[in-house]
Amino acid sequence: MLSEEEQQEILQKYDPESNTREVKGNMKKIVFIGLLAFSLFQLYTAIFGQYTAYVQRSIHLGFALSLIFILFPARKKIRLQRNKVPFYDIILALLSVGVGLYWPIYINELVFRIGRVSDIDLVVGALAILLTLEAARRAVGFPITLISTIFLIYAFFGQYFPGFLGHRGQDLKSIVQLMFYTTDGILGTPISVSATFIFVFLLFGAFLVKTGVGAYFNDLAVVLAGRLVGGPAKVAIFSSALQGTISGSSVANVVTSGSYTIPMMKKLGYKKEFAGGVEAAASTGGQIMPPIMGAAAFLMVEFIGGVTYWQIAKAAAIPALLYFTGIWIMTHFEAKRVGLKGMTPDQMPDRKEVLKKIYLLAPIFGIIIFLLIGIPTMQAALYGILLTIVVSSIDKSTRLNLKDMINALVDGARTALAVAAATACAGIIVGVVVKTGLGLSLATGLISASGGNVFLTLFFTMIAAIVLGMGSPTTANYVITSTIAAPAIITLLMLDSPEGAVVPLVVAISAHLFVFYFGIIADITPPVALAAFAASGVSGGDPIKTGVVAAKLAIAAFIIPYMFVFNPALLMMDASIFEIVWVTTTAIVGMIAIGAGIIGYWYTSLRWFERILTIATGMSLIYPETITDIIGFAAFIVLFMLQWFSRNKNNDDTEKAVVA
């Protein structure tokens, strides 16, 4: 198992959010107090009510920007900056505080002259834009800053763009007003979600981590799956699915659980690339795993409108189940093909001791129950934190004292910094799209390019989401694709509806979940597959090969979104229980066939034409039509029987050879 120092080194290499300074002395105290104050402010407003939109969001922004400039160096390679904050970063931090306090201090004057920008407003607003871009570059990565800058350039010089992309262009005052003095820009919907739902759920995750639940996830996964065929790989899948409920980062999930599971897989006999690929694929799925999904899922609630977070989480449940089932199936077939067994009894933790701490899962189940009975999302997260504190006191080894709780508040705020920067930067993108009408223009262009074909539109959207996701966070990716591609998908799905008809919730959710999925899968799609690269850092394997293996194992993720767009029963919406059970069953059986075909092994090795037939059988079962289900089931039974008899024949031949 990797040491904490080795884990941190890999995180700093592949995860921009972890590449922070190790401040010391008085500056360390300032950072500690700043992070604690950030969490206390957010908790206070979550419990007693929020301030007005401009005040709440600008204070949130001010906290995040100022702390980012102290904690994140301007350049990763400058070692001197690891524990020393240069004077220019202190200046930037102070400017960030000023920007964050501008709205709370001058709110009456700003509201009075709404729509007009004074000279000082112009300076402060321009500073807010520049500071946001630089903070996002440091804490999130260069791609999101580049994309946001391109959108700003487009807003300025729209009159020079050809065809449907052209618009009349905006001057500096208009841009600054839009970005900092309306709720359509930096202080718009994305950062609103960060300043409310996301922050409290991050605190919930931080409190859970302090109870030791992360290590418990690993032990529980070993107890449940360690003795099965290819045990450690299945432990990785189970553990990563659980870790995903408290971690919103694929890379962090890989390093946290992978440092435990990857060495076990290698020891059992899995190749380095396969071990890393399993962990990367499973960890990436953590963001689509309810009840606590990636940050973009909370944005989805606001972007769709008229929907609760519980409805989003419920809709994502079966697709998440199918995703992890697909990975499980393929690791099983790979273990059978190579002849790998499960873990031995002496490698297993004490089952009774592990099950004694099952109460640590109570807060996660509590969140599900709170959401199910209709408790508001933010309130459910607060109850989850309280439940975590109560549950931790059951055993002395998990009990949270005052110091643990303060550290949880600090860790939660630290985790929120990159999310705040990403959502503020995403607000720039949304502002430009709204102001210029780019969303409608690109949606129209996308429909035109696909010839009005739904499948082609989905395919083009998938490519765009994967490309955008190569190096940029899921949050920004979702913001862009949901404002540009999702409307095109919705338009095509509504073609048979009367003009002006209200978009059904199932249509909106399926379109938004589609772009959400592929934004996440970019983390394991070469050539830029950050989760796979981090896994290769743990396994010692080749990064690109690890990415290819991860993408192959996660093949379900490239199929499932098309399934739920064409058959919403997978989202448990507008369908009977029978339809939901039927479509889930056919999908799982289809995944068995596809998994066998891709790995090249079922009960015995598959020849090339058998692999093609098996994959085709799986695809026919997954395609949402009754006739294809019937054909698929018939073909599956035939192939299964052939494999079964072939296995028995091989066993008989082996016994005869032994006797001879």
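1. Helices here are DSSP runs of H or I with at least four residues, numbered from the N terminus. An α-helix has 3.6 residues a turn, so residues three or four places apart point the same way. The model is predicted: local features need pLDDT of at least 70 and side-chain atom pairs count only at pLDDT 80 or more, while totals for chains, interfaces and linings use all residues. Residues are numbered from 1 along each chain as its sequence is written, and side-chain values use heavy atoms, with hydrogens and water left out.

2. The length of helix 6 (residues 142-156) agrees with expectation, because its 15 residues should span 21 Å at 1.5 Å a residue and its end C-alpha atoms are 21 Å apart. The expected span is 1.5 Å times one less than the number of residues.

3. Thr 628 belongs to helix 28 (residues 626-659) and is buried, with a relative accessible area of 18%. Its side chain reaches two backbone oxygens: that of Glu 625 at 2.7 Å and that of Tyr 623 at 3.1 Å. With neighbours within four places in sequence left aside, Thr 628 is in contact (heavy atoms within 4.5 Å) with Ser 620, Leu 621 and Tyr 623.

4. The second largest pocket holds about 550 Å³ of space. Helix 10 (231-243), helix 14 (309-338) and helix 16 (362-372) each give two or more residues to its lining, and helix 14 supplies the largest share, 10 residues. Of the 23 lining residues, Ala 241, Leu 242, Met 289, Pro 290 and Leu 321 lie nearest the pocket centre. By class, the lining has 20 nonpolar, two polar and one charged residues.

5. A search of the whole structure finds one cavity of 30 Å³ or more. The largest cavity has a volume of about 60 Å³. Its lining consists of Trp 103, Leu 110, Arg 113, Ile 114, Gly 115, Arg 116, Val 117, Asp 121, Gln 177 and Tyr 181, which divide into five nonpolar, two polar and three charged residues. On a 1 Å grid over the protein atoms alone, a cavity is a set of points where a 1.4 Å probe fits but cannot get out, whereas a pocket is an open set with protein on both sides within 12 Å along at least five of seven lines; lining residues have an atom within 4 Å of a point.

Definitions and conventions
Points joined across faces, edges and corners; volume = space filled by probe spheres on them. Nonpolar A, V, L, I, M, F, W, Y, C, P; charged D, E, K, R; others polar. Buried < 20%, exposed > 50% of the residue type's maximum accessible area, 1.4 Å probe, protein only. Polar contact = N/O pair within 3.5 Å; in protein donor to acceptor, adjacent residues only side chain to side chain.
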